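Subject: Structure handover

Hello,

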Amino acid sequence: MSLIHHNHLSTSISSSSSTFLARNNFNIRTQNVSLPAKNNGICKCVAAPLSEKAAYKTKVSRNENMAKLQAGYLFPEVARRKAAHMLKYPDAQVISLGIGDTTEPIPEVITSAMAKRSYALSTIEGYSGYGAEQGEKQLRAAIASTFYSNLGIEEADIFVSDGAKCDISRLQVLFGSSVTMAVQDPSYPAYVDSSVIMGQTGQFQKDVEKYGKIEYMKCNPENGFFPDLSTVPRTDVIFFCSPNNPTGSAASREQLTRLVQFAKENGSIIVYDSAYAIYMSDDNPRSIFEIPGAKEVAIETSSFSKYAGFTGVRLGWTVVPKELLFSDGFPVAKDFNRIVCTCFNGASNIAQAGGLACLSPEGFKAMHEVVAFYRENTSIIMETFNSLGFNVYGGTNAPYVWIHFPGQSSWDVFSEILEKTHVVTTPGSGFGPGGEGFIRVSAFGHRANVLEACRRFKELYK
Ligand SMILES: Cc1ncc(COP(=O)(O)O)c(C=O)c1O
């Protein structure tokens with residue numbers, strides 16, 4: 001099979017959004033309605049003759065846990081379907097509100113700090129090699145004081161990383177293969193998939209669309225997207241994401257107090273993912289450590305990805321409080337430190353300079369301006385689906401809008417929207433069986449693209 005790069009797929013869109021704009025008076029960051037055609041990673045597959053010789057095989061058997069995984073990881077699968085659609089409709093102006101990747105430029109106050117650090121690497125005085133595996137002292141201190149002031153979290157509790165997803169996998173290595181785990185259903189797929197890879201689960205059960213030995217905590221409109229903990233059996237680890245990807249719902253202080261209480265009663269560890277906390281608009285907790293007693297039962301992972309458009313730069317952090325102990329009294333942070341030193345060598349020094357700039361007064365303000373822009377996108381999407389009569393969830397505390405299509409299959413809805421509007425969304429069932437019948441629409445996009453996508457949604461569902 002040979003791969004030919006397909007460079008001329010146009011991503012320009014024609015905007016007919018002036019009425020929308022006039023009505024809402026939203027700030028437009030991107031005036032470029034016509035986006036430059038670039039190599040967007042779309043490849044054309046050209047069949048090559050089948051080889052007559054059988055392929056050589058090694059004697060290494062496949063990791064049986066890898067073999068348990070279903071199809072592809074959700075987002076590559078969405079990307080694959082988008083690519084196939086673009087091959088089918090080479091002239092279509094495809095808009096992606098799918099995988100949730102950031103689109104807006106990083107403010108210069110942040111990139112200039114990275115550039116400065118990068119140039120300094122060319123000088124004797126400015127060069128640095130391996131840094132502390134846990135992250136640079138200044139950045140750890142800045143994260144502690146910016147996000148956890150008055151919560152008793154200190155610089156030493158912060159482990160700087162190359163992103164929350166990488167930390168989720170490192171945490172799984174920390175826990176090992178014999179722990180049991182619970183997840184919100186639906187949830188960000190990395191929790192379940194990394195658990196499968198570690199060998200914590202049984203086989204995938206097709207009838208219920210679940211892996212054996214994982215507790216799926218149903219989160220739906222009926223329970224306000226917070227699980228009924230009285231029906232959840234004890235597990236060692238509980239993954240909990242708030243604001244949640246994909247439902248966009250944020251747990252209240254009272255709900256998180258119940259979660260911490262539940263973990264304490266069961267002697268469980270919560271892995272709390274706050275990757276979207278900056279998008280919250282109400283006064284729900286931004287961190288699990290706002291809940292009294294959480295330091296004895298919780299780890300928190302977070303990221304600059306959606307805070308500052310660092311999805312490509314790669315920078316995140318995980319908080320492992322010194323108060324968190326295993327059943328034998330050994331500090332979890334000490335073992336995590338060992339994992340970080342063995343499996344990771346510290347985040348890029350350039351990325352860390354960017355992270356520090358994000359937390360400077362100017363950088364912090366600039367970072368929030370970009371977040372505010374995405375929040376306006378979220379309002380536009382919510383308004384669109386509300387006006388069409390759908391039941392719309394999420395959005396107010398997260399850059400994701402969660403839309404109900406009762407009685408329909410998520411993948412069917414995904415395919416219909418793609419086929420008829422050329423807009424890529426994400427099927428809810430890809431986040432777990434509890435997501436069936438829902439579609440997630442991401443608010444990460446250029447304003448003109450979001451407006452155009454909404455125009456097409458209105459056309460489709462009028
Ligand atoms: C809930 C959640 N956690 C973690 C991540 C990954 O973040 P990072 O880019 O820091 O690896 C994402 C990315 O989409 C996410 O949605």
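A polar contact here is a pair of N or O atoms within 3.5 Å; within protein, one must be able to donate a hydrogen and the other to accept it, and residues adjacent in sequence count only if both atoms are side-chain atoms. The model is predicted, with local features needing pLDDT of at least 70 and side-chain atom pairs pLDDT 80 or more, while totals for chains, interfaces and linings use all residues. Residues are numbered from 1 along each chain as its sequence is written, and side-chain values use heavy atoms, without hydrogens and water.

Ligand site

An N or O atom in the side chain of Asn 245 is 2.7 Å from an oxygen atom of the ligand. A polar backbone atom of Ala 164 also lies 2.7 Å from a ligand oxygen, and for a polar side-chain atom of Tyr 276 the distance to a ligand oxygen is 2.6 Å. The protein buries 93% of the 400 Å² that the ligand exposes when taken alone (Shrake-Rupley, 1.4 Å probe).

The ligand is surrounded by 14 residues (a heavy atom within 4 Å). Asp 273 and Ser 303 are among the closest.

Helix pair

The axes of α13 (residues 410–421) and α14 (residues 447–461) come within 10 Å and cross at roughly 105° (lines fitted to C-alpha atoms over the stretch in contact, angles from 0 to 180 degrees between N-to-C directions; helices are DSSP runs of H or I, at least four residues, numbered from the N terminus). That makes α13 roughly perpendicular to α14 (65 to 115 degrees). Contacts (heavy atoms within 4.5 Å) join α13 residues including Ile 417 to α14 residues including Phe 457.

Regards

Notes. Helix = DSSP H or I, 4+ residues; strand = E, 2+ residues; numbered from the N terminus. Parallel < 35°, antiparallel > 145°, perpendicular 65-115°, else oblique.
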